[in-house]
Amino acid sequence: MIEDWATGLMESLGAVGAGIAIALENLFPPLPSEVILPLAGFTAHKGGMSLAAAIVCTTIGSVVGALALYGVGAWLGRERTIALAWRIPLLKVSDIEKTEAWFTKHGTKAVFFGRMVPIFRSLISVPAGVERMRVGVFLLLTTLGSLIWNTLFILAGYGLGAQWHRITEYVGVYSKVVLVVVALGAIAFIAARVRKARAARRAGDGAGDGSGEGRTGRGRHRK
């Protein structure tokens with residue numbers, strides 16, 4: 001279904017259609033770039049667009065989509081992010097502060113390399129906006145990272161021709177590995193927080209029982 005939609009867009013608008021598809025992929029991660037980009041390469045292979053135009057337009061599309069998410073992060077800002085953290089179970093304001101500290105130290109690498117990691121390709125733009133990374137730096141890193149990712153997949157689709165589907169099979173494994181790692185990390189985080197909350201609750205109950213016994217003992221002594 002996605003393949004048919006992207007194919008129709010490229011047949012109608014050429015390289016511009018490929019750019020629009022990638023811009024939407026940034027805004028809606030379920031649209032897979034690992035399908036759209038090789039398909040753009042195959043379309044160029046058939047003569048539906050030039051190879052250079054495919055690379056340029058998809059990179060522009062990536063930047064436009066990333067800028068939109070950067071704007072969402074900038075609008076959200078630190079105060080709204082912290083307000084949301086208060087409402088999310090098991091999440092603490094200290095988690096936001098630690099993330100901010102990490103992003104301050106590693107944000108440039110995260111934005112650049114994040115453009116080459118499924119799921120994070122889009123999402124990395126949001127914390128960049130929240131932290132108000134300089135727009136010029138953000139654009140440069142996003143453009144370079146997107147250019148590398150897009151070029152590799154478009155060239156692969158161009159070279160494989162009608163066999164471009166093989167790329168999605170290999171990248172699908174990569175995407176699944178990323179999903180598993182993210183899921184395991186989320187499970188480990190939740191489990192650790194639940195254990196910590198239970199331990200704190202038991203400690204509080206124990207302190208309450210001990211103080212009650214102390215008051216009872218003092219009452220007996222007065223008698």
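Asn26 counts as buried because its relative accessibility is 0%, where buried means under 20% relative accessible area, exposed over 50% and partly exposed in between (1.4 Å probe, protein chains only). This is a predicted model, in which local features need pLDDT of at least 70 and side-chain atom pairs count only at pLDDT 80 or more, while totals for chains, interfaces and linings use all residues. Residues are numbered from 1 along each chain as its sequence is written, and side-chain values use heavy atoms, with hydrogens and water left out.

**Asn26**
- Asn26 lies in helix 2; helices are DSSP runs (H or I, at least four residues), numbered from the N terminus.
- Beyond neighbours within four places in sequence, Asn26 is in contact with Gly61, Ser62, Gly65, Ala66, Leu69, Arg115, Arg121 and Ser122, contact being heavy atoms within 4.5 Å.

**Nonpolar core**
- A nonpolar core is a set of buried Ala, Val, Leu, Ile, Met, Phe, Trp, Tyr and Cys residues joined through side-chain atoms within 4.5 Å.
- The largest one has 35 residues, and Met10, Met49, Val111, Ala128, Met133 and Phe138 touch the most other members.
- Helix 3 gives the most to this core, with seven residues.

**Helix 8**
- The buried residues of helix 8 include Phe138, Leu141, Gly145, Trp149 and Phe153.
- Just after helix 8, Gly161 has a positive phi of about 60°.

How values were computed
Helix = DSSP H or I, 4+ residues; strand = E, 2+ residues; numbered from the N terminus.
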